Structures are given as structure tokens and as C-alpha cells.
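Subject: Structure for you to look at

Hello,

I am passing on the structure we spoke about. Please look through it first; my notes on what was found follow below.

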Amino acid sequence: MSRVVEPVAGATEAGASPRSPQAGRWRRFVAQFTSSKAAVAGLVVLLLSIAAAVFAPWIAPQNPFDLATLDIMDAKLPPGSTNYDGSLTYWLGTDGQARDVLSAILYGLRISLFVGFVSVLAAFAIGTAVGLVAAYFGGRIDALLMRIVDMQLSFPSILVALVLLAMLGKGIDKVIIALVVVQWAYFARAARAAAIVERNKEYVEAARCMALSWHRILWRHVLPNCIPPLMVIATIDLAHAIALEATLSFLGVGVPVTEPSLGMLISNGFEFLLSGTYWICFFPGIALAIVVVAINLVGDHLRDILNPRNEV
Amino acid sequence: MLATIIRRLLQTGLVVLIMSALVFTALYMIGDPVLMMASPEATDLEREAIRRNLGLDRPLWEQYGIFLSKAAQLDFGNSFLTGESAMRLILERMPATLELATLAMFISMAVGIPLGIYAGLLPQSLLSRSIMSGSVLGFSLPNFWVGLMLIMLFAVMLGWLPAGGRGPVEDFGPIQLSLFNVEGLKNLILPALTIATAKCALIIRVTRAATRECLPQDYIKFARAKGLRERRVLGVHLLKNIMIPIVTIGGLEYGQVFAFAVVTETVFSWPGMGKLLIDSIVNLDRPVVVAYLMLTVVFLATLNLVVDIGYTLLDPRVRLGGAA
């Protein structure tokens with residue numbers, strides 16, 4: 001989480017004494033953040049799930065994509081069963097294709113988190129650039145860009161994403177494109193709001209007096225000071241992106257069957273749910289809920305601390 | 001005032017026009033409906049005939065022009081699949097979505113407003129903090145997930161309620177509702193709860209914020225100083241003032257529920273407009289998708305307009321402050 005404050009501190013260009021403003025700000029931020037047990041728990045869970053996703057090939061009991069290791073006789077085993085020679089315990093049971101549900105979850109988490117992080121980073125970059133440009137130049141450019149943002153935000157993201165994916169087809173890259181399209185506007189609006197406040201501050205005027213070019217002022221001076229509210233949006237949007245991807249995959253327009261994210265696993269398990277084979281659907285669902293709620297707990301508390309000027 | 005309304009009307013019209021062009025071009029790029037409709041053995045000549053029949057051989061701008069003039073008469077063409085009027089198909093499904101959205105919003109308001117006021121009055125109490133943590137759960141859990149868990153609990157494990165579908169309906173003039181009989185309500189309650197979970201969390205947050213903003217105001221202090229009973233202070237003076245943001249958000253959310261119903265209706269096989277949209281997307285039934293999207297565009301744009309104007313009328317501060 002060090003990214004939250006580093007750029008801000010870097011912008012103050014203070015001396016390197018041990019009691020520099022950076023260190024003070026950072027310490028205050030850590031103290032404020034740790035004041036909420038729920039947020040700390042959320043952060044720990046988030047870091048653990050990132051670790052689980054990154055190291056999935058090493059910690060998963062089985063490679064769910066390796067058809068050679070699957071034995072169709074082991075399909076739909078309840079949690080805690082073992083395979084025929086007892087060498088492998090299916091702690092969370094197996095699904096309809098005899099995949100270990102735990103392994104499938106770990107690999108699914110990889111895809112869900114990857115889609116989430118990449119789409120949020122791209123939306124962050126695009127939205128922030130648009131918002132800063134709108135705020136800095138104002139006038140017609142601002143009016144035009146903000147009209148587009150308003151129009152985009154007046155339509156429910158699920159609907160926009162659904163139509164886009166119907167157009168583009170299935171695939172991880174296409175899901176990411178759709179998620180960026182529905183999310184950039186939030187960043188644009190927040191970046192503009194923050195930059196309009198910064199625009200009139202003395203350091204920007206000083207930079208202008210030094211005849212620095214506009215892009216240098218914007219990216220090197222204004223941007224770092226707009227980061228805190230954007231970080232809040234990024235955190236909350238990460239949860240939103242993961243949930244939206246799961247929803248789209250559940251509806252059958254998201255990731256392809258060959259690269260199952262958590263939403264896809266839940267969708268696959270749905271058909272077994274009504275017959276009482278609950279674990280195929282239930283455990284991926286729990287995993288998804290834990291990740292999304294953990295990120296939201298972090299985001300909710302970050303919003304309280306950094307107190308940006310934005311709506312829910 | 002009139003000038004503001006006219007300007008907002010023009011803006012709304014422009015948005016609808018732009019969106020119609022976007023929707024039309026976007027949908028034009030989805031698959032080839034002729035391939036879906038013609039039998040696999042059809043010759044190229046037969047395919048060409050179908051294409052001409054549907055008007056798909058004309059240039060895009062011409063198709064758009066025809067589409068616009070027909071759309072103005074609420075004619076979006078016939079479904080490629082059933083041959084019925086696309087508009088009619090959607091209107092037939094509308095009551096189902098309408099009763100679902102209405103019950104869902106009713107539940108979320110009935111639960112959310114009291115909880116929100118409580119959390120606003122006593123922000124430090126343990127219950128308030130649990131309400132707020134609970135609301136994080138409410139809006140972070142994806143809609144379809146909540147639906148699945150409800151199905152698992154109430155339909156599969158307990159067997160109390162059906163897992164999907166719509167119950168028996170009764171005629172109310174031209175529309176049919178299942179809201180007013182026990183069996184119908186049993187089918188309705190799980191999908192409605194699914195939608196209400198997310199909306200309730202939002203209502204709680206809005207209500208709490210509004211309550212906390214209202215409490216330190218002079219009129220509350222004055223009402224208390226006058227010696228009014230606490231119940232009257234809260235029930236009249238506070239409630240009246242916090243209703244403005246709640247009605248605004250509630251109105252906008254009511255519109256959004258139509259779109260969110262896409263997910264919930266799919267989970268519960270609820271035969272509403274959202275389910276129709278998903279089925280039509282899968283089947284490349286272009287006229288139905290276009291008609292649905294255009295209806296949503298017009299509906300949401302109108303809703304935004306009404307909320308905006310209503311807000312100006314309701315709250316004198318907005319009218320005076322923003323004398324546009």
C-alpha cells in the first residue's frame with residue numbers, strides 16, 4: 001500500500017532528514033489506517049489472496065487444466081473425499097469434470113484478480129489523463145469531456161458491459177476492454193475534481209512562472225497531489241471490477257470456458273446447485289465474496305481517512 | 001424556471017439521439033442474424049433473399065434513418081426469432097419486471113430508512129457500527145451471488161420457497177401481476193430480496209449521511225427547545241428534510257433496478273425484460289435488443305430529467321441558489 005502516499009510525499013521535495021515530512025505523513029497514514037481492525041483484516045486477506053493467486057501453480061493440489069490428471073470417476077465427490085489411491089484429498093470436493101474445487105478456485109482467483117488489476121490500472125490511466133486535461137484547460141474541452149463522462153455514468157455499468165461484450169465476443173482481453181470502458185469515467189470525474197482544487201494553488205502558479213510546459217506541470221506537479229482520492233476510487237473499483245467480471249462470466253458473456261474465473265466456476269456449479277451438489281458452486285462463491293468484501297473494507301476505510309471529494 | 005426545464009429537455013433529447021446512434025451502430029456489428037435464421041443447407045441465393053427481406057442489404061445510414069423514423073412510432077421491427085413485434089414482446093414482459101423492481105425498492109426503503117436514521121442518530125453505538133459494516137457487505141457482494149445463496153438456503157436446503165420462475169398471475173386490466181396471491185408472492189420474494197440487498201445498503205448510507213447533516217441544524221434545535229416530543233422532532237422535522245436526498249437516490253435507483261434485473265432475472269429464470277434481453281443477445285435477435293436498449297435509454301434519460309426537475313421544485317434552496 002506504500003503507493004498511496006509515496007507520490008504525494010515525493011512532491012513536497014523536502015530535505016532528507018529523518019524527521020522529514022514524508023516520514024511523518026507516512027507514519028500518520030499507517031496509524032490512521034490501522035485504527036480500523038476491519039480494514040487491516042481486509043488488507044491481510046487481500047494480500048493473502050494475491051499471494052495464493054500468484055503461487056497457485058505451486059500450492060494447488062492439482063492442475064485443473066491438465067486433463068491427464070483428471071479421473072472422471074472422481075466427478076462430483078463431496079468435500080473431504082480422496083482419490084482412488086488416497087494420495088490426494090479433495091478438501092472442497094470435485095466438480096462435474098472431476099476437477100479439485102480448491103485447485104480450480106486458486107487458478108480462478110488468478111484470472112479474476114488479473115482481470116481486476118489490469119482493467120483498473122488501464123481505467124486509472126485513461127480516466128486520470130482525461131480528468132486532468134479537462135480540469136487544466138477548462139472551457140469547451142472541459143465541458144465536452146464532462147458531458148461524455150455524465151452520459152457514460154448515467155447508464156448502469158452492467159448494461160454497457162453486456163452490450164459491449166455481445167459486440168466483441170468472449171475472451172479475457174475483451175472483458176478487460178469492457179471493464180475499462182465502464183470504469184474510466186469514475187476516475188475522470190474524481191481526477192478533475194481534485195485537479196480543479198490544485199489548479200489554483202500557489203505551486204502551480206510558481207511552476208507556470210518558471211515557464212514549465214503544461215504537460216510537465218500537469219503530470220509532475222498536479223498529478224501527484226491528486227493521487228489520494230484516486231487511490232480510493234481505484235480500490236473500490238477493483239472490487240467492482242472483480243464482481244462485474246464474475247457477473248458477466250456468470251451470464252455467459254465473460255471469460256471463455258477454457259480460462260475459468262471465479263464467476264465462471266460459480267456459473268458451472270449453478271446447474272448442480274438445485275440437485276443438492278452445493279460445493280461446486282458454493283466454495284467459489286465464498287472465495288469471490290471474501291475477496292470482494294476484503295477489498296471493499298480496505299476501500300471504505302481509505303475513503304474515511306483520505307476523505308476525497310467524491311460520491312459513493 | 002421554464003427556460004431551465006426547456007434546456008434540460010433539449011439536452012435529454014440530444015442524449016437519446018446520440019445513444020440511439022451508438023446503440024444502432026454497435027448492434028449492427030453483432031454477428032450476422034442471417035446465418036442464425038437460414039437453415040445450414042440454405043444456398044447463398046436464399047440467404048441473399050432473407051437479407052433483402054429484412055432490409056439488411058441497404059447501407060448503414062439508410063437503415064439508421066428507417067430505424068429512427070420507425071422508432072418515433074415505437075416500431076422497432078419484428079423479432080427475428082418469433083416474428084412478433086419486438087416492442088410487444090418487451091411490453092408483455094414489462095409487468096413482471098415492474099412488480100419485481102417495485103417490491104424490491106419497497107423492501108429496501110422500508111428496511112433501509114429506519115436503520116439509516118438509527119445509525120445517524122447514534123453513530124457510536126455497537127448496533128450502528130454493525131449496520132454500517134453490514135451495508136459494506138450489501139453493496140460489495142455481487143447481485144447474482146446473493147441470489148445464488150438465497151436459492152441455496154431457502155430453496156435447496158430448507159425447501160420453503162421455489163428456486164425460480166413466476167407463480168400464478170392475476171389480470172389487472174391489460175397487465176398481469178403475481179403480487180397479490182400467496183403462491184405468486186412466494187416466487188417473487190427471493191428475487192426481490194436479492195435486488196433489495198444491494199439497494200438497502202445504499203439507502204442506509206444515504207439516510208445516515210442525511211440524518212447526520214440535519215441533526216445539528218437550527219430548526220432541529222429550535223424544535224427541541226420548543227419542547228416538542230422527540231418523536232415529533234424526528235418524525236416530522238427530521239424526516240421531512242432527509243426525504244429529499246432519499247427520494248432523489250431512490251428514484252434514480254428505481255430506474256437502475258430495471259437494468260440490474262437483468263442479472264437477478266437470469267438467476268431466478270424470472271420471465272421479465274432482463275431475461276428477454278439476455279436471451280435475445282444470445283440468439284442475436286437484433287430488433288429485440290435494440291428495442292430494449294432504446295427503451296432503457298429513453299426511460300433512464302426521462303427519469304434523470306424528472307428527478308432533476310422534481311428536485312428543483314421540491315427544494316427552494318436549489319431553485320434560489322442555482323437560479324439558472
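**A helix pair in chain B**

H7(B) and H8(B) cross in a right-handed sense. Helix H7 covers residues 143–157 of chain B and helix H8 covers residues 182–214 of chain B. Their axes lie 9 Å apart, and the packing angle is about 140 degrees. Angles over 145 degrees would count as roughly antiparallel; H7(B) and H8(B) are therefore oblique to each other.

Which residues meet in this pair? On the side of H7(B) they are Asn143(B), Val146(B), Gly147(B), Leu150(B), Ile151(B) and Phe154(B). On the side of H8(B) they are Leu190(B), Pro191(B), Leu193(B), Thr194(B), Thr197(B) and Ala198(B). Sorted by class, the contact of H7(B) with H8(B) holds 8 nonpolar and 4 polar residues, with no charged ones.

**Chain B as a whole**

Chain B has 324 residues, and 35% of them are buried. Its secondary structure consists of 13 helices and 2 strands. The C-alpha trace of chain B spans about 85 × 60 × 35 Å along its principal axes. Of the contacts in chain B with a separation of 6 or more, 71% join residues 24 or more positions apart.

**Where chains A and B touch**

How many residues does each chain give to the contact? Chain A gives 34 residues and chain B gives 32 residues. On the side of chain A that touches chain B, the elements giving two or more residues are helix H7 (157–168), helix H10 (214–251), helix H11 (262–273) and helix H12 (279–306) of chain A. H12(A) gives the most to that side, with 10 residues. By class, the residues on this side of chain A divide into 28 nonpolar, 5 polar and 1 charged.

**Confidence**

Please keep in mind that this is a predicted model. Its scores are ipTM 0.76 and pTM 0.80. For chain B the mean pLDDT is 81, and 91% of the residues reach 70 or more.

Which elements of chain B have the lowest and the highest mean pLDDT? The lowest belongs to helix H13 (residues 316–321) of chain B, at 56, and the highest to helix H5 (residues 86–121) of chain B, at 89. Over residues 320–324 of chain B, pLDDT stays under 50. For residues 320–324 of chain B, the model has 1 contact beyond four places in sequence.

Regards

How values were computed: Residues numbered from 1 in each chain as written. Chains lettered and ligands numbered in written order. Predicted model: local features only at pLDDT ≥ 70, side-chain atom pairs only at ≥ 80, totals over all residues. pLDDT = per-residue confidence, 0-100. Helix = DSSP H or I, 4+ residues; strand = E, 2+ residues; numbered from the N terminus. Contact = placed C-beta atoms within 7 Å. Buried ≥ 20, exposed ≤ 12 C-beta atoms within 10 Å, placed from the backbone. Nonpolar A, V, L, I, M, F, W, Y, C, P; charged D, E, K, R; others polar. Axes fitted to C-alpha atoms, helices over the stretch in contact; angles between N-to-C directions. Parallel < 35°, antiparallel > 145°, perpendicular 65-115°, else oblique. Left-handed = near helix turned anticlockwise from the far one by under 90°.
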